[in-house]
Every structure is written in structure tokens, then in C-alpha cells.
Amino acid sequence: MTDTQIDSTPAEAKPKKPRKTSFTKALNDALDLGMDRFPEMFLIGEDIGEMGGDFGVTRKLWAKYGAERVRDTPLSEAAIIGTCVGASMVGMRPVAEIMFADFLGECYDQIVNNAAKVHYMFDGQFTAPLVIRTSCGGGFGGGPHHSQSVEGWFLNVPGIVIVAPSNPEDAKGLLLASIESDDPVLFLEHKALYRARAEVPEGYYTTPLGKAAVARAGTDLTVVATMRMVPMALAAAEELEVEGISVEVVDLRTIRPYDAETILDSVSKTRRAVVANEAPRIGGLGAELSARIHEECFSELLAPVGRVDGLDTPIPFSVPLEHEILPDQSDIATAIRTTMEASR
Amino acid sequence: MTDIDRHGGLMELDQLLDLYRDMWLIRAFEQGLETEFEQGNVPGMLHTGLGQEATQAALASNLEATDCFFPDHRCHGINALAQQRHKGDGERIMAELFAKSTGVCSGKGGSLHSADPSVGNFGDNAVEGSYLVTVLGVALAAKMRGESTVACAIFGDGTVGRGEFHESLNMAAIWDLPVFYACVNNGYAIATPVGEGHASADIVDLARGYGFPCEQVDGNDIVASHAAVAKAIDHIRDGNGPYFLEFKTWRWQGIFAGEFRPEAEVKYWREDHDPILMTNDMLTGMGVAEDQLATIESEQRALITEWIAFAKESPDPDLAKATADVYVQWEVKN
């Protein structure tokens, strides 16, 4: 049958293809379901209204819920997050969009000194049930201020929750769980994942915060990965399966507070670990996870924990230079082989 | 009394006596605290509201428990008055400053983070100006819910240097939010004179471009300040959007290195334009006996002595508080 021929098979007789949803649409569905369920929820950010946001995550919500609950703002990130903190202190559930994570510096004080601390410093009299959605990560020539991985900026801040999905199904469930959360959530959306497609359950569901997922079972080595590093780690694992190395992949999903139990259980079983995160190495998530695994699994480890992360540089505009700096599938595969070879 | 009377600065004698009492509560509180601080009994740092009693009493007496205010570093007095007026437990502000378990935040907040939302106190923030944008959210929530809450940010002149000041006024203006900007211009940001730190020594000039009512008042004149606050609050509560009011006042406290301001300036504000002496003159002019006024002062000083004793006798917070309330949904285990 050529493309020009008419397919006369009745629609109901065709085999149903699994319905695949993009990461972006999964997030959009979550926001829609949240807005429908929680009257106290509202969306706020730059051009999130009629325009639907820079990446289209809030598309059509302005038309459905109106300008009062899908609220465009001036370029005032501190005021956007300040508004979220104040509104959440009196029981609203704001969800902000900060167009690029690189702009979080503009509202860092509101996140770190207010959102993360009002519950603690005022002795539990307030909560800040807000969500800050933001696009992060590089790999597409965005340059120094449109490409950064910012989890390290917030890793040292007690009180904040950092959520980082790697696939459309989790993106939807984790966003709904974040909206339900009474703790403030920084919700990281890796730009390279926006177009990822997968089957996503219909309707309202939540994926628990603070729980990692074993994305692939294996017996020889555990890779603990976040966001875009997860599909890369899964691909590296397939590659190494051929070489006879069985890799388990743990998708962290929540970066703070992270699920140490799942990580340590996995490493206790495989006795080797590699941690993979896109951000610069020094003082990053990889350092924390590596230290924790060494401290708690030292006697069981057959090799030192391997680390895959970005080089310790800003991110350049040139795509070849950027590729030089950011970790990829081959870096993960190399780290796995090196760790296997270093085993005692 | 009609709104015109309230806003025109007419005041019944009883009301003026109440405000005089409030001003003495603030002064006694701060002087008592200063003495304890010098003796090493109060941890942390100390910023007092001495000299700003009229501004503070005017604000405290006009804000309801269902309103919301974000106090600044020198607002112990407002915090205590709100606590005392709405719940009768002003001593819990003193206890918070002593970091005791009986404080409004169980000693976890201290001078710069005392809050009690049940009296409308949403807490100071040690990062000056930070709550200038937080207040927007409280105001927006009130507006979305159709509540008549006034969301008030009380902030000093120095704070105006922060970008948040301008982000806030702009957003309040475009969204017509019920925000009351109460700018306490006490002349100095730490040691920098207001005219050196800003393009205008009159902060009201910097606010006018945003297009909502902006007024200035002698913050040491209790009658004028009270009327100005009443007018601002009525404007906001009637659904007319934000309002900016600058109080011209002066703080007694120098800096940690001591007094740094010209002698004539110090004399003017502490002697010729002291808010309590000014009120005292008004009251005696209205025929109130000096004895009655002296009794008000001594009663407030006695009350503060009790509060200090309460604070000192109160236990430290339970050590379990150290790791409590980091998250709502998780316990912190170290």
C-alpha cells in the first residue's frame, strides 16, 4: 500500500496503538487536573496565559480557567515567587512558572529564605504549599544563561523539595503530588525531555514524592540518575548488557529529600555504583550521593563509587563545546566499565 | 465619628489616652529590652523602635486581627500591641526575644522572625525588603476570595533600595491589590542618610510613579499619623487598591559604634519632636492632669517588668524543636 492509497479498514477494526503522550502534554494535563480539583490553585508566570508559556506547558489553560487563575506577570521573578509565598501562607496553592531555571537567581531569596523557612522559623504556624516549575538543563545551544542544571543551588537548603522527573508518566504524577504537597516544591523540567513521548495513564493520579524508582533491574552495578541522565543510563545499560554487565538503574525522581533507602538497598545488592547528574561536579548531587553510599555501604562495595557529571565550567554557546562539557550515554557507559574493572 | 473626622485628625480624648498608653508600652518595652540586652540576657542582635512610638501605635491601633501585617526590625512594639490587643498575651513577644519556649514561635524566630497569624502578624524577615513581595500574595489571595483584608508591609527607608520594592509597587498597581505600604522613614539605613542612599530623601517621591495614592505624614504626630493610617486603611478596605504612606520619623538608637548623627539633629528629635512629649503636651492642653499621665507611664513600665520576668523565668525550647517543622510531610533524621 502506498501513501496515496485510501485505507478503507473501518476505524474500530484497526489495532489500537498505545496512546503516547509527550512530557509537555503530561505536565499540561496535570495542571489541568489540578486546577479542576483545587479551587485554591492558581498559575502564575511570564506569558503563561494566552501564549501558553515559553514551552507550551500551560497551553489552553488560560482559555479554560481565565486570567484570574492563569495569571500573566511582568518580568519580576522575585514578585512572582513572593506572591506565591504570601498566597500559600494563607492557604492558596500557587504554581509558578519560571521560564528558565537560570532566572531563579532573581527570586533565590524568596525561595531559600521564605518558602523554605516559613514553616520552620515560625514554629509551624505557616506552610508554603507552592510549586515552582522551571525548565533546566542543556544540550541544545542555549548558552550560559539558558542551560544550567540548578539542583546544586538548592541542595543545601533544608525545607525545599526538589522534584526532577525523567519521563512523561512520572512528570504528570509527580506534578500532581507536588501540587498536593504542603511543602514548597521546586519542580525541574529538563528541556531535552519536553518532547519525550510515552504511554501516560489517563486521569488523576499521583506519584509519591521522596521515592526513587528502580527503572531497570540488574545485578552487577547500580546507576543512580536524574532527569535526562535516566534515559541515557537506560541506553548505556542496554549497551553493556551485550558485554555481559547487568546494570540496575535507579531514577531518583525526588532530589531533596532523596530516597536513600532505595539507593542503599540497590547498592547493597549490586555492590557497585555510579551516580549520574548533569550539573557541575564540585559540591553537587553526585558528591552527596557518592559520600552517602561510601559511608553506608563501605564494607560491601567492590569498587569506589563512580561519578558522571558536567565538567566544572559554565555552559558555552557552541554546541560542540557544550557536548564537551555535558555528560552523555558514552560517559555513563565508560564510568560503568571503569567501575567494573576497578573491582576488588 | 465620621470618616471625615477620622481622616481630618479629630480625636476623642479617650482615644488619645489609649494611644498614649500604647506609646508608653512601646517605649517601656524597648527600654526594658535594651537594659536586658546590655546585661547580656537577650541573645542575638537588637533593633529598637524607640523614637518611632507614634508611627507604631497609629499602625497597631488601626489594623485588625483579620488583617495581615509584615513588621520590620524595629516593630517589637507593634507585635506586642497586636498580641496584647487581640489575645491579651503581649508577654509572648518578650519571651520570643529571649528565645524561650513561651514565645510566639517557641524561640525559633526571635526578634526578626516573630509571627502570630491569629493576630495578623505574618512575621518579619531579616532580609530587609523581602516581604515587600510576599505581601503581594496575601493581598492577591484576599482579592481572589473577595475578603476585605488589608495586607500591610511595614518597612524602613533603607529597604527601598531593594529591587523588590519596585517589583512590588508595580505588581500591586497593575493588579489593584489591597496592599498598604507603610514606609517608616527614620532618616538612616544603618548609618547612610536617606538622601544619600536614594534619589530622594522623601520616599513618597519614588512611589508616586506607580499611580496609586501616596501620602506623607509626620510620623511623630500621633493624631496626624492615626488619621493618615485610618484614611489609608479605609481606602484599601473599600476596594480601591494599594496605598502608600510615608511616616517621617527618627530612630533613637545609633549604630553599634555609638551615636553618629549631628548633636543638633539628635536634640531636635529626642527633645523637641519626641512623639511622647508631643502627645503629653496635647493631653495636658486638653486638660488632663500630669498625675494621670505619669500613672499611665508607670503602669506600662510595671507591665513590662512583669513581661521581662515572665520571659526570663520561661524554659528554653525543648531540644526536639531543633529538627521539628523542617518539612510538613517528613521528619528530619540526621
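Predicted model: local features only at pLDDT ≥ 70, side-chain atom pairs only at ≥ 80, totals over all residues.
In chain A, strand E10 (residues 221-225) and strand E13 (residues 273-280) run alongside each other in the parallel sense, and four bridges join the pair. Within this pairing, the bridge partner that Ala225(A) finds in E13(A) is Ala276(A).

E10(A) and E13(A) belong to an open sheet of five strands, whose order in chain A is E9-E11-E10-E13-E14 and whose pairing is mixed. The edges are taken by strand E9 (213-216) and strand E14 (306-310) of chain A, each of which has a single partner strand, so one side of each is left without a neighbour in the sheet. If direction is ignored, neighbouring strands of this sheet are turned against each other by 25° on average.

Helices accompany these strands. Helix H8 (residues 229-241) of chain A packs on the sheet and touches E9, E10, strand E11 (247-251) and E13 of chain A, while the direction of H8(A) makes about 170° with that of E11(A). H10(A), for its part, lies across E10, E13 and E14 of chain A and runs at about 160° to E13(A).

H10(A) also has a helical partner. The axes of helix H9 (residues 260-270) and helix H10 (residues 285-297) of chain A come within 11 Å and cross at roughly 60°. H9(A) and H10(A) are therefore oblique to each other, and the crossing in which H9(A) passes H10(A) is right-handed. On the H9(A) side the contact is made by Ala260(A), Ile263(A), Leu264(A), Val267(A) and Ser268(A), which meet Leu289(A), Arg292(A), Ile293(A), Glu296(A) and Cys297(A) in H10(A). Sorted by class, the residues of this contact between H9(A) and H10(A) comprise seven nonpolar, one polar and two charged.

Stepping back to the whole of chain A, one finds it divided into domain 1 (20-199) and domain 2 (213-341). The C-alpha centres of domain 1 and domain 2 of chain A lie 26 Å apart, and the contact between them draws on 26 residues from domain 1 of chain A and 24 residues from domain 2 of chain A. On the domain 1 side of chain A, the elements that give two or more residues to this contact are helix H6 (151-155), strand E6 (161-163), helix H7 (168-180) and strand E7 (185-190). Of these, H6(A) gives the most, with four residues. The side of domain 1 of chain A that touches domain 2 of chain A has 13 nonpolar, eleven polar and two charged residues by class.

Chain B also contains an open sheet of five strands, here in the order E1-E2-E3-E7-E6 and with parallel pairing. Strand E1 (68-70) and strand E6 (214-218) of chain B are the edge strands, each pairing on one side only, and from one strand to the next the twist averages 20°. Inside the sheet, strand E3 (residues 179-185) and strand E7 (residues 243-248) of chain B pair in the parallel sense over six bridges, with Ala182(B) standing opposite Leu245(B) in E7(B). Helix H6 (residues 131-145) of chain B packs on this sheet, where H6(B) touches E1, strand E2 (151-156) and E3 of chain B and has a direction that makes about 170° with that of E2(B).

Elsewhere in chain B, the axes of helix H3 (residues 53-62) and helix H10 (residues 222-237) come within 9 Å and cross at roughly 40°, and H3(B) passes H10(B) in a right-handed crossing. Among the residues that meet there are Ala54(B), Ala58(B) and Leu59(B) from H3(B), and Ile222(B), Val229(B) and Ile233(B) from H10(B). By class, this contact of H3(B) with H10(B) has eight nonpolar, five polar and no charged residues.

The two chains, finally, touch each other, with 34 residues of chain B in contact with 35 residues of chain A. The elements of chain B that give two or more residues to this contact are H6 and helix H7 (163-175), and the largest share of the chain B side, nine residues, comes from H6(B). The residues on the side of chain B that touches chain A divide into 17 nonpolar, twelve polar and five charged.

Terms used. Residues numbered from 1 in each chain as written. Chains lettered and ligands numbered in written order. Pairing = 2+ DSSP bridges. Axes fitted to C-alpha atoms, helices over the stretch in contact; angles between N-to-C directions. Contact = placed C-beta atoms within 7 Å. Domains from an automatic or database assignment. Nonpolar A, V, L, I, M, F, W, Y, C, P; charged D, E, K, R; others polar. Parallel < 35°, antiparallel > 145°, perpendicular 65-115°, else oblique. Left-handed = near helix turned anticlockwise from the far one by under 90°.
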